[in-house]
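The following questions and answers examine a protein structure step by step. Please consider the sequence and the model together before reading on.

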Amino acid sequence: MSASQTDAIVVGAGFAGMYALHKLRDELGLSTRVFEAGNGVGGTWYWNRYPGARCDSDSYIYCYTFDKDLLQEWEWSERYPEQPEILRYLNHVADRFDLRKDIQFGTRVTGADYDEATKRWQVRTDAGEVATAQYLIGAVGCLSASNVPAFRGMDTFRGKSYHTSSWPHEGVDFTAKRVAVIGTGASAVQAIPVIAQQAKHLTVFQRTPNFCVPARNGKVDPDVARTRKANYDAIKENIRNSYFGFELNFIMKSALEAPPEERERVFEEMWDHGGFPFWLANYQDMFFSKEANDVCAEFLRRKIRETVKDPAVADKLTPKTYPYGTKRQPLDTNYFDTFNKPNVLLVDVNDSPIEEITPNGVRTRDREYPFDIIVFGTGFDAMTGPIKKMGIRGRGGEVLADKWADGPTSYLGLMVAGFPNFFTITGPGSPSVLSNMPVSIEQHVEWISDCIKHMRESGVETIEPTPDAEVRWTAHVAEVANTSLMPTANSWYMGRNIPGKPQVFMPYLGGVGPYRQHCAEVAAKGYEGFTFAT
Ligand code: NAP
């Protein structure tokens, strides 16, 4: 067993961990070590290699903005970057900032204990290593703990099975295969049309239908790309101060007040434009008023009925049980049209629940379906799952997973009382998954780095939130969510996709810009709500 000591340990080498390493090591001069479970950089984009995987944010803003030259030199090939392209980008960043030399790949953190005597974190890895550091940064991502439902007979299946988030690097050949996809979330919505093109037969098992909006991917007009590059300073300012980290704003009008013809025109424009505007730049009351929401939802339901030829299939694909936008908006390319193909079958597991996985395939209450390949698009134990998996124990041996037994608590989604010098990047209680992730990641990394700089200049060794600040912030996160329709859906935002998980709305809905400003004010007021110790 070897032991190492550094100023900082970062867990994870995705967008967040890579920037944290650069900031802490190259700008603050801290000795910094990164542990990464994968054998390369990229986090989400290292693991999620399923067919059709691409980002739902426009490429020109799904990137780091901290380095002007990097922004100018990288060329994105399409409106939405595909997984291999994002991974190439992140590898380019790793090379450019010489990050790899301080990242230990293929190493999973299995535990981290705070030692009150030395005021250091002791981090253990699955390689049996113990490393200590003053600062511990959880850059483990929000969607990195996969959820594979515990169907009876899971290990009896004689074919191949894959979860979308742990896809083989060499890819999967679906040619002439009978394939099942279980789940219809954003990942499956991207994968299903691609798999259907290759497979002999595809059966989709759906629990909850989704409101999908077309992505409308394509090449970016070179003139548009040039103009954006010339205006990156303004774009950066814009996304940092926006509500969701995009160049999008709500329509400052009620959906109910807009005349029907005007509303129809606006909806059609957003539909034709594709992407997130329908979700994040719709009428301002869409997230707050059920009546306003119904108007938007009905437009999307109509689009499903217009696309899917068999009315019974269209009906099954039409969401009816939750307000539009309260589950993450999937963007699609020919998703609904795929169900018109003769080799594609939709099974609604509400009518016909999955009872077990058999050696030959899937048995529902009604019949057994034989398969060669089962794809689990069944999502993640989101936000808290990856943090809990780190096995964090704070002051007095308190286990973070126990503290969070009834749901996550934090101050600003950045720190937890009783866990000094442990920072979470895009943790629960921050805008995180309700934003364009790189924007929120940069804000958190910069805030943490400024905070550590302040601590070193002030000669203090530890920082942690006061219990009172944590209670107030956690209540505020819930209060803001409860003004909206968001908590009403069975979404992973609410933890409702995982049996037994506390049902708490985890991300902060207060908006990227206002949240950034609030965090800056907290720092300006001498880190109000935090305590320092020497
Ligand atoms: P997800 O949205 O949680 O979808 C999981 C699917 O599996 C849902 O349809 C869920 O049904 C179903 N499911 C779960 N357990 C099941 C069970 N026991 N039986 C039957 N069905 C079950 O997961 P995801 O599609 O991987 O997406 C997760 C998140 O990743 C997205 O919301 C998004 O934030 C991110 N993502 C981003 C991109 C991108 O930008 N490129 C692409 C893909 C994903 P219920 O809806 O009923 O729970």
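Q: Which residues does Gln-206 touch, not counting residues up to four places away in sequence?
A: In this predicted model, Gln-206 is found in strand S9, which comprises residues 201-206. Contact here means heavy atoms within 4.5 Å. Not counting residues up to four places away in sequence, the residues that Gln-206 touches are Thr-184, Lys-316, Leu-317, Leu-346, Val-347, Asp-348, Val-349 and Asn-350.

Q: How many Å apart in space are the C-alpha atoms of Gln-206 and Leu-346?
A: Leu-346 is among the residues that Gln-206 touches. The two are 140 residues apart in sequence. From C-alpha to C-alpha, their separation in space is 7.2 Å.

Q: Is Gln-206 buried or exposed, and which residue has its backbone oxygen 2.8 Å from a polar atom of the side chain of Gln-206?
A: A residue counts as buried under 20% relative accessible area. Gln-206 has a relative accessible area of 1%, so Gln-206 is buried. The backbone oxygen that lies 2.8 Å from a polar atom of the side chain of Gln-206 belongs to Lys-316.

Q: What distance separates a backbone N or O atom of Arg-54 from a nitrogen atom of the ligand?
A: The ligand is surrounded by 24 residues, and the closest are Arg-54, Ser-187, Arg-207, Thr-208 and Lys-327. Helix H5 (residues 186-198) gives the most to this shell, with three residues. For Arg-54, a backbone N or O atom lies from a nitrogen atom of the ligand at a distance of 2.2 Å.

Q: How much of the accessible area that the ligand has on its own does the protein cover?
A: An oxygen atom of the ligand is 2.9 Å from a polar backbone atom of Thr-184. An oxygen atom of the ligand is also 3.4 Å from a polar backbone atom of Gly-185. On its own the ligand has 910 Å² of accessible area, and the protein covers 88%.

Q: Why are the buried residues of H8 on the same side of the helix?
A: In H8, the buried residues are Arg-263, Val-266, Phe-267, Met-270 and Trp-271. They lie on the same side of H8 because they cover around the axis an arc of only 135°.

Q: Which elements do the buried residues of H8 pack against?
A: Helix H8 (residues 260-273) has 14 residues and reaches 20 Å from its first C-alpha to its last, close to the 20 Å expected at 1.5 Å a residue. Just after H8, Gly-274 takes a positive phi of about 75°. The buried residues of H8 pack against strand S10 (213-214), helix H9 (277-280) and helix H10 (290-307).

Q: What span should helix H17 have at 1.5 Å a residue?
A: Helix H17 (residues 512-524) has 13 residues.

Q: Which elements are included in what covers the buried residues of H17?
A: The buried residues of H17 are Val-512, Gly-513, Tyr-515, Arg-516, Cys-519, Val-522 and Ala-523. What covers them includes helix H7 (232-240), helix H15 (437-458), helix H16 (467-482) and strand S20 (530-533).

Q: Is Ser-432 buried or exposed?
A: Ser-432 lies in the loop between strand S18 (422-424) and H15. Its phi is near 30°, a positive value in a residue other than glycine. Because its relative accessible area is 0%, Ser-432 is buried.

How values were computed. Residues numbered from 1 in each chain as written. Predicted model: local features only at pLDDT ≥ 70, side-chain atom pairs only at ≥ 80, totals over all residues. Heavy atoms only, no water. Helix = DSSP H or I, 4+ residues; strand = E, 2+ residues; numbered from the N terminus. Expected span 1.5 Å × (residues − 1). Buried < 20%, exposed > 50% of the residue type's maximum accessible area, 1.4 Å probe, protein only. Arc of directions from axis to C-beta. Near = heavy atom within 4 Å. Polar contact = N/O pair within 3.5 Å; in protein donor to acceptor, adjacent residues only side chain to side chain. Areas by Shrake-Rupley, 256 points an atom, 1.4 Å probe, with all protein chains shown as cover.
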